[in-house]
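Please prepare a short briefing on the fold and the side-chain contacts of the model shown here.

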Amino acid sequence: MTRQLVLKEIITNKKRKFKDELFEILFSLNLLEYLNKYGNKQFTAFQKLSLVILYFRSKQSLREFCDYINYGST
């Protein structure tokens, strides 16, 4: 069984927050809760993909983004 990545665009008339759009897109992908069967189950697939999307949206270097996540968000 293979899964294909599907690009989805949501067009609405109402002004929605980024968080709401992100939740709708990630929930519509029907992902398993964890991406691997035997590995570490500390973070869900939803959390991992959310971080990747936030990283690309921030347009920062990876080091700056990690510093922001670790220290800037407190």
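What share of the 74 residues in the protein chain is made up of buried residues? Buried residues account for 9% of the 74 residues in the protein chain, where buried means under 20% relative accessible area, exposed over 50% and partly exposed in between, with a 1.4 Å probe and protein chains only. This is a predicted model, in which local features need pLDDT of at least 70 and side-chain atom pairs count only at pLDDT 80 or more, whereas totals for chains, interfaces and linings use all residues. Residues are numbered from 1 along each chain as its sequence is written, and side-chain values use heavy atoms, with hydrogens and water left out.

**Overall architecture**

- The protein chain has three helices and zero strands, and its elements run α-α-α from the N terminus on; helices (H or I, at least four residues) and strands (E, at least two) are DSSP runs, numbered from the N terminus.
- Of the contacts in the protein chain between residues at least 6 apart in sequence, 27% join residues at least 24 apart, a contact being heavy atoms within 4.5 Å.

**Packing of α1 and α2**

- Helix α1 (residues 18-28) packs with helix α2 (residues 45-58) at an angle of about 135°, and their axes are 11 Å apart; the axes are lines fitted to C-alpha atoms, for helices over the stretch in contact, and angles run from 0 to 180 degrees between N-to-C directions.
- The two helices α1 and α2 are therefore oblique to each other, given that angles under 35 degrees count as roughly parallel, over 145 as roughly antiparallel, 65 to 115 as roughly perpendicular and the rest as oblique.
- On the α1 side the contact is made by Phe18, Leu22, Phe23, Leu26 and Phe27, and on the α2 side by Phe46, Leu49, Ser50, Ile53, Leu54 and Arg57.

**The loop between the two helices**

- Thr44, which lies in the loop between α1 and α2, counts as buried at 18% relative accessibility.
- Leaving aside residues up to four places away in sequence, Thr44 touches Glu33 and Tyr34.

**Aromatic residues**

- The structure holds two aromatic pairs, where rings of Phe, Tyr and Trp (its six-membered ring) pair if their centres lie within 6.5 Å, and planes under 30 degrees apart count as stacked, over 60 as edge-to-face and the rest as tilted.
- The Tyr55 and Phe56 rings form a tilted pair, because their centres are 5.3 Å apart and their planes are at 50°.
- Tyr55 is partly exposed at 22% relative accessibility, whereas Phe56 is exposed with a relative accessible area of 59%.
- One aromatic cluster is formed by Tyr55, Phe56 and Phe65.
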